[in-house]
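Please read each point with the coordinates open beside it.

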Amino acid sequence: MATNKTYDQIKVGDTAEIVRECSSNDLLVFAHASGNHNPIHLPDTDWTGDGHIDKPVAPAMWVGGLASAVLGNILPGPGTIYKAQSFRFLGGAAVGDKLHVRVTATEKRPNNIVVFDMSVTRGDGTRLVEGVAEVAAPTQLIEFDSSDIPAILVQRHRHFNRMIELAKTLPALPTAVAAPDDPNSLEGALMAAREGLIQPILIGAKNRIEAAAKELDEDLSPYELIDIEDEMEAAGRAVALVHEGRVKAVMKGHLHTDHLLHHVVKRDGGLRTKRRISHVFVMDIPGRKTPVLISDAAINITPDLNTKVDITQNAIDAALSLGLEMPRVGVLSAIETVNPAIPSSLDAAVLSKMAERGQITGAIVDGPLAMDNAIDVQAARTKGITSLVAGHAEVLIVPNLESGNMLAKELTFIAHAEAAGLVIGAKVPIMLTSRADDSRARLASCALALLYTHWQATGNPAGIFDREGDG
């Protein structure tokens, strides 16, 4: 709650301060709100034209405008009306700078006018802005709950960018790519190779792969190509390369998932382990502080309780490999209370208890939770749910494949999320994407596989996820 100081309560010398960290999203929101699209102020832009992404400079008016946050929220606070403002700009701010914004009352004038000195100082003590503000201070007490303000969604996929950048710091992953014989699947594999994420061995019909490469204007000479006409045989050869020790991951190309999984799960020569395999979607949803993992939405159609134990543990392992320490797992049902008539609510309660007893490890698990109170704090509060997970879930365990698949696609096509997919529980990770997925989804899936492999080998993620910052 913001509470103001009235004109009569304000004294000369009163001061107030906030600390604000400049983020990329601040620059994007200001560009849209102001209409100032000067490229030197925009993130991820090569405004010098030298082929490199340049570090943006915060617009001077955005920096100076932070004074209004102090005046409007704290001193005088709600009800304040600007009358005049002067600025003197002494230096520039950049993304990541912590800015100390201070106002000090210097004069009280008739008609409720108060004059303030204002300054913005970087964390290292460098003064960036100074000026004078004249405001009409409120004459009555006003309280305001700022949480009522609708949130702004900035459509950008910073979590996948972070995943890819972290993966680039690791050795490339030798990967068998099964049937990359269309432009989408081939482009994704070659893009991941250029980014240093995988060392691909292309397996499939040579004539179709070369035709796809010609369409993309790509050179295949740096890569090994195993010519196998039949897609099922190509999938089998990809799995065989794992046993030969030549690859440490498998990537699905332009073939049906069942054809690949047939060779993965077969008892002789497959990639089965003691744990049930399951699929994990990692969703980069604009506006969320962390990625959201959904499982299982692609392999296990109607999993029983034992299968859900493995599904949950696999999803936790994927979250840990991304650097999410002690991930928060919400086990979904239609309701947030246990109802014997709804089997998924019973399974959720059992999974939660198993996590408490150490039978599922590495995460905080709670359920049953409905979708709204799993991811929205206000919904959880409204329903009186007290939980470390409710409202903050980062991993969502769905009741069955149908619900998970619909959830993932709704997030993709309605919430503008990007999705990466990985099969976990086999001897090696399997990059399992839809045949309709674009090259960006395949690139993110390669990054996920590389981060997961590194975590499996070392027990440590390549980086720790900052839940409060930009990742």
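Predicted model: local features only at pLDDT ≥ 70, side-chain atom pairs only at ≥ 80, totals over all residues.

1. Leaving aside its neighbours within four places in sequence, Ile360 is in contact with Val309, Thr312, Gln313, Ile316, Leu351, Met354, Ala355 and Val365. Ile360 is also listed, together with Leu186, Leu197, Val282, Leu293 and Val365, among the residues with the most contacts inside the largest nonpolar core, which has 61 residues. Helix α13 (residues 439-458) supplies the largest share of this core, namely 10 residues.

2. How do the axes of helix α8 and helix α9 cross, and at roughly what angle? The axes of α8 (residues 305-321) and α9 (residues 343-356) come within 10 Å and cross at roughly 55 degrees, which makes α8 oblique to α9. The crossing of these two helices is right-handed. On the α8 side the contact is made by Leu305, Lys308, Val309 and Thr312, and on the α9 side by Ser344, Asp347, Val350, Leu351 and Met354. Sorted by class, the contact of α8 with α9 has 5 nonpolar, 2 polar and 2 charged residues.

3. Glu394 deserves a separate look. Is Glu394 buried or exposed? Glu394 lies in the loop between α11 (377-382) and β16 (395-397), and it counts as buried because its relative accessibility is 1%, against a cut-off of under 20%. Apart from neighbours within four places in sequence, Glu394 is in contact with Thr290, Pro291, Val292, Leu293, Leu324, Pro327, Arg328 and Arg467; Leu293, in that list, is also one of the residues named for the largest nonpolar core. The C-alpha atoms of Glu394 and Ala374, which are 20 residues apart along the chain, are separated by 8.9 Å.

4. Turning to helix α1 (residues 24-34), the buried residues there are Ser24, Asp26, Leu27, Leu28, Phe30 and Ala31. The buried residues of α1 pack against strand β2 (15-21) and helix α2 (60-73). Just after α1 comes Gly35, whose phi is positive, at about 80 degrees.

5. The bond from Leu75 to Pro76 is cis, with omega near 0 degrees, and Pro76 is found in the loop between α2 and β3 (81-89). A cis peptide bond also joins Ser295 and Asp296, with omega of about 0 degrees; Asp296 is found in the loop between β13 (292-295) and α8.

6. Positive phi values in residues other than glycine form my last point. Asn112 has a phi near 65 degrees, a positive value in a residue other than glycine, and is found in the loop between β4 (98-109) and β5 (113-122). Asn112 counts as partly exposed because its relative accessibility is 27%. Met326, although it is not a glycine, has a positive phi of about 45 degrees, and its place is in the loop between α8 and β14 (328-332). With a relative accessible area of 46%, Met326 is partly exposed.

How values were computed: Residues numbered from 1 in each chain as written. Heavy atoms only, no water. Axes fitted to C-alpha atoms, helices over the stretch in contact; angles between N-to-C directions. Helix = DSSP H or I, 4+ residues; strand = E, 2+ residues; numbered from the N terminus. Parallel < 35°, antiparallel > 145°, perpendicular 65-115°, else oblique. Left-handed = near helix turned anticlockwise from the far one by under 90°. Contact = heavy atoms within 4.5 Å. Nonpolar A, V, L, I, M, F, W, Y, C, P; charged D, E, K, R; others polar. Core = buried A, V, L, I, M, F, W, Y, C linked by side-chain atoms within 4.5 Å. Buried < 20%, exposed > 50% of the residue type's maximum accessible area, 1.4 Å probe, protein only.
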